[in-house]
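Colleague: Let's go through this model together. I'll ask, you answer.

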Amino acid sequence: MYPEATGVGTESEGPSSGDAPRPGEPLFADLLAYTTEILSFYDRDFCLTHYAAKLKGVYGGAVVPGAAVWEIYPSFLDAKYRDEFLRVFHGGSPASIDLPPSPDESPRSAFVFATANGVGIIESRERDGRSVVEEQEHVILLHQATHDVLTGLQNRRRFGDRLQRAMAALGGSKPKTALLQIDLDDFKAVNDTLGHGAGDTLLQLAAGRIRDALQDGESAYRYAGDEFAVIQLGKEQPAEAERLAGSLVDAFKNPFVINGIPVFVGSSIGIAFGPEHGTDGEQLMKAADIALYAAKTDGRGCARTFNRSMLLLLEQRENLRRSLRTALARGELYLEYQPLIRPPSSVIGFEALLRWRHPEVGIIPPNVFIPIAEADGLMDDIGRWVLEEACRQAMRWPSSLTVAVNLSPAQFLSGSLTDTVAQIIDAVGIDADRLELEITETVLLEQTIDNIDTLNTLNVLGIRISLDDFGTYYSSLSYLKNFPFDTLKIDQYFIADLDTDLKSQTIVRSIMNLAHGLGINVTAEGVETSAQARWLIKENCDCLQGNFLGRPLGVEAVSDFIRRSPLRVVRAMERSNRAL
Ligand code: C2E
Ligand code: MG
Ligand code: MG
């Protein structure tokens, strides 16, 4: 299980050998290096993984990596001692187990405690000097000072220390040091919606996945909140850092199951090399951090290596952030409207899509600036403006047409959403049933009474609610049962290859059957080709949206579209039929 198991006490701790942690080693390296205790660690197969030099001194030849715990402590085969040992092994609280006297007749006991990988044993013998309890406390304090209690990984202090030492040892022909900063994507959403207990569980599971991805010469740290780091020493670079980053990104592709709920949380990674990108720890961390930021803005769930042009990117973002604060007041935000088409050819409404016309940069899409606005607490004001502006525009359209408005999680969770919506429809004078609000699953992770209340109140007001981007996140069917949705919007991810991919066809068909069975309408997003439109119409999709039927339009173009739309859409459909 841990074939590289090492006895540490007698080995020298030179910067290249002692500093290069081995799999599983980061947890206990300190203890093994400093303690004079008879200390040993075992994995889940009861095999010896790590031990202090003293253990070897006492038990001699029996002490080899991989030896079974009962080869060193035969008493644990005896039912009298075994049950208590197994209780701790299975995660129970630590216990001090009195063992039969050793050959030299001194009474002894084993303090057994569970670890992330199995168990640890501190054997105590009665002798002069410090009491047994003091010794145990000493060992545990040492561990606590350098390790994170929640995840068992080494902590920030230890990280700073190790990085500094690694940087100091660099130079000449020595191989480079790689620093990988890892940040969990969407951790905040999990913490906010599922609660801190779930957040803690997620961090523990995430730490486990990081630990499992490590090889020789790699050590992991929990640096802060949801930020982790890995230091890689003595490796062929950049190849090895890129390989590790790839396996870390992959390790986060499967959902974490927390309280029975599958939660998708990816990881973004920034890589920097010493001495190339920094000659001391602080510089290297800054470089890795900038690379991490680039990974986040490149769509998350990916790794990026630092390069100087990233500094420019960072500066641009800071500029954007500053100008976003005044964008609303300066009238730089505006809406486009994308038609929603009911087959074969009726326009039933439009979805309002937010844009920012930046005076120097030009038009910035919502995916770029909405996350910044959310992080800076600007989305409440912007969201309110979008809602009012969209309703006012809709009042200029024929009264049969609806307007769909996207809500960001921050707006939904703010607590004042229903009041704001009620005030706006009142002030504008629009019929509530012409307004449709689009939410994504992220805001519904937890079926709190508040969430259900909010949606029910909106429902009672007569407002329609759609579940946006369905299929990309959790796709929990319980949402469909417990929340009053009018429409489910299938994400363009499934629509894009609909004409060629049988799996996408099966998924889309099943989602439509399910929704229809529950009395929910289905809109297909991102319809780009006639073949996709044809397939969807044949399968009874209620509504289509996408560039094939109409791109997002400026306000003036909307009236024109409404006037000409039946003809336009019929023509598009005819074209698609001809292609049949
Ligand atoms: P969404 O709500 O899923 O909106 C649909 C997105 O797909 C829009 O991107 C739209 O322009 C794009 N799209 C439509 N048809 C096609 C097609 O045929 N092919 C392709 N490739 N794309 C198509 P857009 O406008 O960039 O908006 C992106 C996302 O930003 C929206 O996704 C929505 O989640 C968010 N968003 C937009 N406006 C607002 C807003 O006012 N408030 C909030 N909170 N979020 C908004
Ligand atoms: Mg939408
Ligand atoms: Mg969508």
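Modeller: Of the contacts in the chain with a separation of 6 or more, 62% join residues 24 or more positions apart; contact means heavy atoms within 4.5 Å. This is a predicted model: local features need pLDDT of at least 70, side-chain atom pairs count only at pLDDT 80 or more, and totals for chains, interfaces and linings use all residues. Residues are numbered from 1 along each chain as its sequence is written, chains are lettered from A and ligands numbered from 1 in the order in which they are written, and side-chain values use heavy atoms, with hydrogens and water left out.

Colleague: How many helices and strands does the secondary structure of the chain come to?

Modeller: Helices (H or I, at least four residues) and strands (E, at least two) are DSSP runs, numbered from the N terminus. The count for the chain is 21 helices and 22 strands.

Colleague: Is D468 buried or exposed?

Modeller: Buried means under 20% relative accessible area, exposed over 50%, partly exposed in between (1.4 Å probe, protein chains only). D468 has a relative accessible area of 6%, so D468 is buried.

Colleague: Which residues is Q505 in contact with, leaving aside neighbours within four places in sequence?

Modeller: Q505 lies in helix α19. At 13% relative accessibility, Q505 is buried. With those neighbours set aside, the contacts of Q505 are L498, D499 and W535.

Colleague: How far apart are the C-alpha atoms of L553 and Q338?

Modeller: L553 sits in the loop between β22 (543-544) and α21 (555-578). Its relative accessibility is 17%, so L553 counts as buried. Beyond four places in sequence, L553 is in contact with E336, Y337, V558 and F561. L553 and Q338 are 215 residues apart along the chain, yet their C-alpha atoms are separated by 6.0 Å.

Colleague: What is the relative accessible area of L518?

Modeller: L518 is in the loop between α19 (502-517) and β21 (521-524). L518 is partly exposed, because its relative accessible area is 47%.
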